[in-house]
Amino acid sequence: MIRKLLVANRGEIARRVFATCRALGVATVAVHSDADADAPYVAEADEAVRLPGNTPVETYLRIDLILDAARRTGADAVHPGYGFLAEHAGFAAAVTDAGLTWVGPPAGAIAAMGDKIAAKELLAGAGVPMLPTWTDGDAVTDFPVLVKASAGGGGRGMRIVRDPADLPAAVDSARREAAAAFGDGTVFVERYVERGRHVEVQVIGDTHGTVVALGERDCSIQRRHQKIVEEAPAVLPDGVRERLHAAAVAAGRAVDYVGAGTVEFLLAPGGEFFFLEMNTRLQVEHPVTEAVTGLDLVRLQLLVAEGGALPVPATPPPDGHAIEVRLCAEDPTQGFRPATGTLHRFAVPGVAGAFTPTRGLRLDSGVDTGSTVGVHYDSMLAKLVAWAPTRAEAARSLAGALARAELHGVATNRDLLVRVLRSAEFGAAQVDTGFLDAHAEVFAPLLPADRLPVAALAAALAGAAARRADAPVLAGLPSGWRNVPAVPQSVRYATATGDEIEVRYRLDRSGALADWSTDPTAAAPAMVELVAAAPERVLLDVAGVRRVLRVHRAGSTVFVDGPDGAAELTELPRFPLPRAALAVGSLLAPLPGTVTRVHVVAGQRVAAGDLLLTLEAMKLEHPVLAPTDGVVADLPVPAGGQVETGAVLAVVNPEEAPR
């Protein structure tokens, strides 16, 4: 039996595996980069070993360092989590060659499914339906197509191509991204199915020849080909579920599969489905399967790794419905680019459990309040899962918890997730992989623009209350009180979009709100009465409706959470210091990263939209485009250069219009 398990991964998956190990009495070992030294998963492990460095290549992809950590701690088993080395056949073989128990499928099965081109050929022979596929871009005749990386997944290296003229550039870009993410730039092309659904089947096999399907999940709602909403069971046409399960089991048996894995399919509108890939590991979205089956998949992984027989000889019927969302550090005001920073508060209400099968709300998080989100790894912060007897109840519960969550300090995709869950189309299960492209309305922030002034007023009143509470004398006197009316108090804030809002207000001698306003050019403010104000809670009566607004201050930034949504406001100094002016046409880095390629030279004439350089951050490529026609005046960062947020990447002198 396994006594001590090393998890060769980080973040929430490491915490997830540790939770099951604690329940089973298995000791745990974490490995961590320098950036992760203070991460929650490291603190929760019984022992931890440092992997010097920060980048994945220096740390979590170093097989020699991980095996040495197992030797030094006396670990007798290794769990790979997902990502990094989880689907590396060489790692699986190295673990077993070292005399350790590998908690995963055999190296041969990983190798067979790791090469997606070879996997398609193998499973086609087992009767699994396939899409038309090309390995030579010049041979493609059927558009639209999807360019995919052969050695990995997670949306990296994927490109949709509708025009044959765009295929060569898409293949080149996909190869670069795949090489950076997986160390292998091999790509292939397959037919793209419009309005297809991404449906996958959870399988698990043991060493006694049993392979079982544990149900399916719908993972159709994706952005940049990465899943953001998953649910189980999928809403399927009659007869499809049984055929999906049978095809998934056939795929598992074709490679003598052992352990947990996922067979992914593309479901066409008519009910026909095609094999996409097999992930030879635990999936990020496995909690929804655990919720509707009641099974702990990590426990089953450990049981199978120890040579035990599966206790589930057949597909269990689903109980209720579960929906999961991936909460990511992404900035909606910057096209959902990955975001960094410190989480000053991370709180989700109503959570019933974490990391193991739970009825109600389950939170699997890689971060806590105080965690730092850096640039070295992907942007996922946490997964929030809701189980309920029905799909509608699960969606409502999940959306409500997300909307009330306090997520302070790092921009997230929370508002997008809530709007998706509350949309009529999602409620009717009218989803496909193009859902977000067809529903631009879900990208709107939860807080309407006309409610921002009230949030700013609450921030100002809470700030005044905090200052009065800290006052050494006359703390009960209303802020800014005078014997006769005078100039109102005013506070200026910068919003998350970079705009400014100024709040002017005056309290009377009783402490009541006498009057208030924002921008003089704006419409008349709502009728607001101040009921109570404390440093972290303001109660306002807005046009006869009483509202509680929760206020949290971190430095000069104020976070306001209320029934309409959340606002982030940065208080501006009354007397700002002068700053050095940037050259006209300066293009700034939106986040820390590495300049991977520079496509132009100084002095070159460019047109609006031309690609100037490529910035890589948090495992994604970010193109930097010319904002206008002009001439490249400066390129201060060479290829390979590291930059921080706000660094000047290029300067383009705009072309003057003819007189």
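Predicted model: local features only at pLDDT ≥ 70, side-chain atom pairs only at ≥ 80, totals over all residues.
Strand β13, residues 259–267, runs antiparallel to β14, and the two are joined over six bridges.

Both strands belong to an open sheet of eight strands, whose order is β14-β13-β10-β11-β12-β15-β22-β20 and whose pairing is antiparallel. Strands of a sheet in general pair through backbone hydrogen bonds, in either a parallel or an antiparallel sense. Because β14 (273–279) and β20 (361–365) stand at the edges, each with a single partner strand, one side of each has no neighbour in the sheet. On average, and with direction ignored, neighbouring strands of this sheet are turned by 25° against each other. At the β20 end of the order, helix α1 (residues 11–24) lies across β20 and β22 (380–388), and its direction makes an angle of about 120° with β20.

Strand β10, residues 197–205, is largely enclosed by the rest of the structure, because nine of its nine residues are buried. In a regular strand the side chains alternate between the two faces of the sheet. In β10, Arg197, Val199, Val201, Val203 and Gly205 point one way, whereas His198, Glu200, Gln202 and Ile204 point the other way, and all of them are buried. The pairings of β10 are set out below, each with a residue pair taken from it.

| Pairing | Sense | Bridges | Residue pair |
|---|---|---|---|
| β10 and β11 (residues 211–223) | antiparallel | six bridges | Val199 with Asp218 |

Strands β10 and β11 also form a hairpin, with five residues between them, and in its turn Gly209 has a positive phi of about 90°.

The cysteines remain to be considered. A disulfide is a covalent bond between the sulfur atoms of two cysteines. With a pair of cysteine sulfur atoms required to lie within 2.5 Å, the count for this model comes to zero disulfides. Cys328 is accordingly in no disulfide, and the nearest cysteine sulfur to its own, that of Cys219, is 14 Å away. Is Cys328 buried or exposed? Cys328 counts as buried, because its relative accessibility is 8% and the cut-off for buried is under 20%. Cys21 likewise counts as buried, with a relative accessibility of 0%.

Definitions and conventions
Residues numbered from 1 in each chain as written. Heavy atoms only, no water. Buried < 20%, exposed > 50% of the residue type's maximum accessible area, 1.4 Å probe, protein only. Pairing = 2+ DSSP bridges. Helix = DSSP H or I, 4+ residues; strand = E, 2+ residues; numbered from the N terminus. Axes fitted to C-alpha atoms, helices over the stretch in contact; angles between N-to-C directions. Contact = heavy atoms within 4.5 Å.
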